[in-house]
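Look at the sequence and the structure first, then read on.

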Amino acid sequence: RPEPSSLSSPVIMFRVPTNRGLAVDIAAKGVRSFRAGSAVQAANIPLGLDHGTVEDALEPGKFRIKTFNKISPVGLARFPEASYSIKSDSEKSHAILLRSHKLQVSDVDPQVRAIARCGAGTNNVPVGEMTKMGIPVFNTPGANANAVKELVMAGLFLASRDIVGGIAHMKTLGEAGTARERVEKDKAMFGGREIAGKTLGVVGLGHIGSATARDASSLGMKVVGYDPGMTIESALKLPRETKIVGSMKAVFERADYISLNIPFINKPVSEGGTKGIVDASMLEVMKPDAVILNFARGELVNSQDLKHFMSLPQNSKAKYVTDFPDDELWDHSNAIVIPHLGASTEEAEDAAAAMAAETIMRYLTTGEIVNSVNFPETLLETRDPENTVRVGVVNNNKPAVLTKILSIFGDHNLNIQQQVNKSRGDVAYNVIDVEIQEGTQWKAIQKDITMIDEVISSRFIWGKSPVGGYGYAKNMDGKYWA
């Protein structure tokens, strides 16, 4: 803990990652904590990037974040007011934050560097188009996991005991004034079964699936699971007694309750998608009194096949609980349709907005990428910003592009301190830390890099200040835009 006077002189600040996404600023003469995602302090780097128009600088020194929908104030509060301007009507913005708004390409200004959705799904964002434009799209996996998991557990109880039917019956009796005299006689109409000792099948063992498995196990249920892409992290979160099986059908064969926790991929199963993955072939191996809990996506289930299955006399005790509208099953006596309440809690909305804000700040101020659905995860070592310029380059993932980029720095006799190259599908992301030298023509360097045929965009991440949309340029069909 430094003396107050020791902090008055210039200090070099570094960012050290810790667990839970937090970080610590370590100063040469002491240590102080700070909120995750805060801007890295940087020296007065003589970049001289005066390209662009004066009219563009609506709020010099600040990043402009445009919001669609009502975003949780708790999440928005993560943005330091001195460095970020949050508006819902900004014509020009550096990043976009949204929830359910169906984003159009026309909503995205040329200077937008990043988009974050406060939630796990990104089906309301044209991800493919954003990738072509060189814009990472972020989501918030796990932020709403507890809220959804709790609703899954509620669905499990609703399907086990006919609580919904019982409530409706009591309203009818109440209106007739016969509730007290009829309640004991009629309660047999709404009998059910206990979940202890029953088997829960979990398809998809990510944040929500593993949390559901843990809670079910603590209530005395047996758990079987399937997830071909299960990570070590997810595996460590599962109850020790969980039985992992080799296929989705194996789960359906064994389980009394089946929780779907997989993403929706809008392709037939034969083409690697998950559209209608729960169909007649899957249902024919399921127990006749099993319950399907669908809090993932409605399109995972072939509703016509399920309606036919539950309408057969031998399957009269099968149930379906879903958090999504269903035109086929909304009035089926064996279906419980909930109005998409999975993440509709204050806590989930706060957590998702906070995670989205932190992710956006991290990318804008350091160039690091986490939780992106279209860009590769990119983690970087911290460098001394007093002597370093950090350059980020987005390009089409084609051979020899990195060689072209690095040769430009070589032509200017610049020393590269760190270089990271990552790719994902058709897009590649490069981050280059370059040692500062007197007389370097940074403006010319950025234009030369940006106008490489395969390059989509480039930006200077560290400079006099890493805020305010510092040094961003795009290759727009062979024309230089900065």
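In this predicted model, five strands form an open sheet with parallel pairing, in the order β5-β4-β6-β7-β8. Strands here are DSSP runs of E with at least two residues, helices are runs of H or I with at least four, and both are numbered from the N terminus. Two strands pair if DSSP finds at least two bridges between them. The edge strands are β5 (84-87) and β8 (137-138), each of which pairs on one side only. Between β4 (residues 63-67) and β6 (residues 95-98) there are three bridges, and the two strands run parallel. I65 has A95 of β6 as its bridge partner.

Helix α11 (residues 346-366) lies across β4, β5, β6, β7 (114-117) and β8, and runs at about 165° to β7. Contact means heavy atoms within 4.5 Å. Axes are lines fitted to C-alpha atoms, for helices over the stretch in contact, and angles run from 0 to 180 degrees between N-to-C directions.

Residues are numbered from 1 along each chain as its sequence is written, and side-chain values use heavy atoms, with hydrogens and water left out. Because the model is predicted, local features need pLDDT of at least 70 and side-chain atom pairs count only at pLDDT 80 or more, while totals for chains, interfaces and linings use all residues.

A second open sheet has six strands in the order β17-β18-β16-β19-β20-β21, with antiparallel pairing. Its edge strands, β17 (416-424) and β21 (479-481), each pair on one side only. From one strand to the next, the twist averages 15°. Helix α12 (residues 401-411) lies across β16 (388-396), β17 and β18 (427-435), at about 20° to β18.

| Strands | Bridges | Direction |
|---|---|---|
| β13 (residues 291-294) and β14 (residues 319-322) | four | parallel |
| β14 and β15 (residues 335-337) | three | parallel |
| β19 (residues 455-460) and β20 (residues 472-476) | three | antiparallel |

Next come the packed helices. Two packed helices are described by the angle between their axes and the distance between the axes. The axes of α3 (residues 145-160) and α6 (residues 207-218) come within 9 Å and cross at roughly 50°. That makes α3 oblique to α6; angles under 35 degrees count as roughly parallel, over 145 as roughly antiparallel, 65 to 115 as roughly perpendicular and the rest as oblique. The crossing of α3 and α6 is right-handed. A crossing is right-handed if the near helix is turned clockwise from the far one by less than a right angle, and left-handed if anticlockwise. On the α3 side the contact is made by A145, V148, K149, V152 and M153, and on the α6 side by H207, I208, A211, T212, D215 and A216. These residues divide into seven nonpolar, two polar and two charged. Ala, Val, Leu, Ile, Met, Phe, Trp, Tyr, Cys and Pro count as nonpolar, Asp, Glu, Lys and Arg as charged, and the others, Gly among them, as polar.

Helices α4 (residues 163-176) and α5 (residues 179-186) pack at an angle of about 145°, with their axes 9 Å apart. The crossing of α4 and α5 is right-handed. H169, M170, L173 and G174 of α4 meet A179, R182, V183 and D186 of α5. By class, this contact has four nonpolar, two polar and two charged residues.
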